[in-house]
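Subject: Structure for you to look through

Dear colleague,

I am passing on the structure that we talked about, and below it I have written down what was found in it. Please keep the picture open while you read, and look up each part as it comes.

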Amino acid sequence: MNFKYQMSNIKFAIIAFALCAFSLSTWANVVIGVAAVPEHYYDGVDTKKSADNILNALCNIIDNHTVISYDGLEPYYEQTDFYADSLWDMYSTCYFTMADANTPQKAVCDGWNKEHVVCQSWLGSGPMVSDLFNVYPTDARINNLRSNYPYGVVSSFSGFSKDPDHHGLGKLGTSTTSGVGTVYEPDDNYKGDFARTFFYMVARYRSNSLNAGNGSKMFSSSPTNLTAYSLSFLLDWHRQDPVSQKEIDRNQAVYGIQHNRNPFIDYPELVEYIWGNKVGQTVDLSSMTPTCEGGGYDPSHVTKYGVTWSVCGVVLYTDSVIAGRALTAFPSAPVSCSETSDTFMGWTTAPIEGTTDQAPVLYKTPSDVPAVSADMTLYAVFAHGEQGGVITPMIYTYDADHTEGWINTASMSGSYWLLDKGKELTSPEIELAGLSSIEVNIRTYGGTQYCNLDVKAGQTQIATIVAINGKTLSDYTWTNTQPLSGRAPLTFSTNYNTGQGIGFTRVVINATGSGISYSDYLTSCGTTGIEATTLDVPARKYLRSGQLFIQVGESIFTITGQRIH
């Protein structure tokens, strides 16, 4: 079966008439009935205080449900998960009819089957295997690829590796927590749905084992049955993705079939009394309003923005991020579409194209990117290398026997030159972009203070060298870390008066001078920016060996954003 329709992140347009006290929810012309919580249904949990007692009370309320066989679940999805003539799948953006069930799993969107949120391999036997609150309809191929990996937060991902069109929702990749390995992270729009499914399973199956295999990373034998690892993100997901109308409707539909409810959909605040910020407080249901009556958490989803990664004009992946939150993962390093610009360097929020006076900002890690405040696209940036001529380093030396080209207003005293306030030692003009380091042999004389030696490139101070009073500072080397350009002499001066100055024995300036041995510049490729072009450097060579530069149109910038041409 071929893929028929690709849906948007908001799966379907749903027209809901949600009069909670007496509301009708209709899927495929099936009337489900009123959505209100049955009167006195949760009386057993009221006044309970400890997490263990609350869970036990909930278990007593929801454990005696009508069991449907696993093989008999499919027809019920027409009542629980069928909207706008299609199944609502939280794992893909595909469009499915009821007739697409149990089809081959060769490709995403071929068909659907049943997926256990708490994986079947983690479960024992009995009703947990076919509980409608845990078994959802989902794309058959994504179900297969998701396998039985634990849930978690992904540090790096490439979507679903066998889903080239990226119809799969969520991420499959390495966990941000060391030692956990591969995990599945749901789409932001459904993280709360998954978290509340886990909470339900803990409450419903307290006396059953849920921690076989990879389930041991999620479940424990503690009184609250969840590991510190799983709680670290399940609570966040529950809070960040509040109960939606979809969950309220599905909760009521399942209640009509197997005659129990998910208490964490009806009263989301109960989560806080068991695992969150109200642990140890007494449950008072009179202070809570069921979600179907507008209570609990705000039922409207928080604002989210789309984040798209683009490589050579092709969308690699699109994700949604809660407004004001930082990115938590980047895709794996992409492959360039250019034979010359072939080394991936990072991401930028604007294609590298045209002529501009500002270099693009490169993002190497998710934490580099500012908090998301609008829809954004991140473009892949690649490096292009170009081989040039051979460099002959230029070395400018000043000492008692070598003064050509230097301007010296100091005076000679014994074996060194005295530099007092107002006196200067000035080098010949050099190519600043090629400045590598300055090696200075200096000593102080007279006085009891430290003596500072200021180094300027033209009128810009680039270093201050400190000589310790009364001692010789031999072979002191200052290495340039500033992005410098143009041609200018270096000037050495001090603010100390006679009797508290600096004595020079030798100064050596190492610079690359003119010529290029090897240079890299950045470019995007394809329709997102300029193609790899010849790096045309003017006669006055600005680039030095091993330094990375950015070319935007005809402009060249240092990696820190300073324009040098």
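Let me begin with a sheet: 4 strands form an open sheet in the order E9-E8-E7-E12, and their pairing is mixed, where two strands are said to pair if DSSP finds at least two bridges between them. Helices (H or I, at least four residues) and strands (E, at least two) are DSSP runs, numbered from the N terminus. Strand E9 (182–185) and strand E12 (330–331) stand at the edges of this sheet with a single partner strand each, so one side of each is left without a neighbour in the sheet. Strand E8 (residues 171–175) and E9 run antiparallel and are joined by 4 bridges, and within this region Thr-174 stands opposite Thr-182 in E9.

Before going further, please note that this is a predicted model, in which local features need pLDDT of at least 70 and side-chain atom pairs count only at pLDDT 80 or more, while totals for chains, interfaces and linings use all residues. Residues are numbered from 1 along each chain as its sequence is written, and side-chain values use heavy atoms, with hydrogens and water left out.

For the chain as a whole, the secondary structure comes to 8 helices and 30 strands. Buried residues make up 53% of the 565 residues in the chain, where buried means under 20% relative accessible area, exposed over 50%, and partly exposed in between (1.4 Å probe, protein chains only). Among contacts (heavy atoms within 4.5 Å) between residues at least 6 apart in sequence, 70% join residues at least 24 apart.

Another pair of strands is E5 (residues 112–116) and E6, which pair in the antiparallel sense over 5 bridges. The bridge partner of His-116 in E6 is Val-135, and strand E6 (residues 135–139) is mostly covered, with 5 of its 5 residues buried.

Next come two helices. The axes of helix H1 (residues 51–62) and helix H4 (residues 191–204) come within 8 Å and cross at roughly 85°; axes are lines fitted to C-alpha atoms, for helices over the stretch in contact, and angles run from 0 to 180 degrees between N-to-C directions.

H4 is mostly covered, since 14 of its 14 residues are buried. At 1.5 Å a residue its 14 residues should span 20 Å, and its end C-alpha atoms are 20 Å apart, which agrees; the expected span is 1.5 Å times one less than the number of residues. Arg-196 has its place in H4 and counts as buried at 0% relative accessibility. Leaving out residues up to four places away in sequence, Arg-196 touches several others, among them His-238, Asp-241, Glu-247 and Phe-264.

Finally, two histidines deserve a look. His-40 has a phi near 70°, a positive value in a residue other than glycine; His-40 lies in the loop between strand E2 (30–31) and H1, and is exposed, with a relative accessible area of 55%. His-259 also has a positive phi, of about 65°, although it is not a glycine; His-259 is found in the loop between helix H6 (245–258) and helix H7 (263–266), and counts as partly exposed at 45% relative accessibility.

With best wishes
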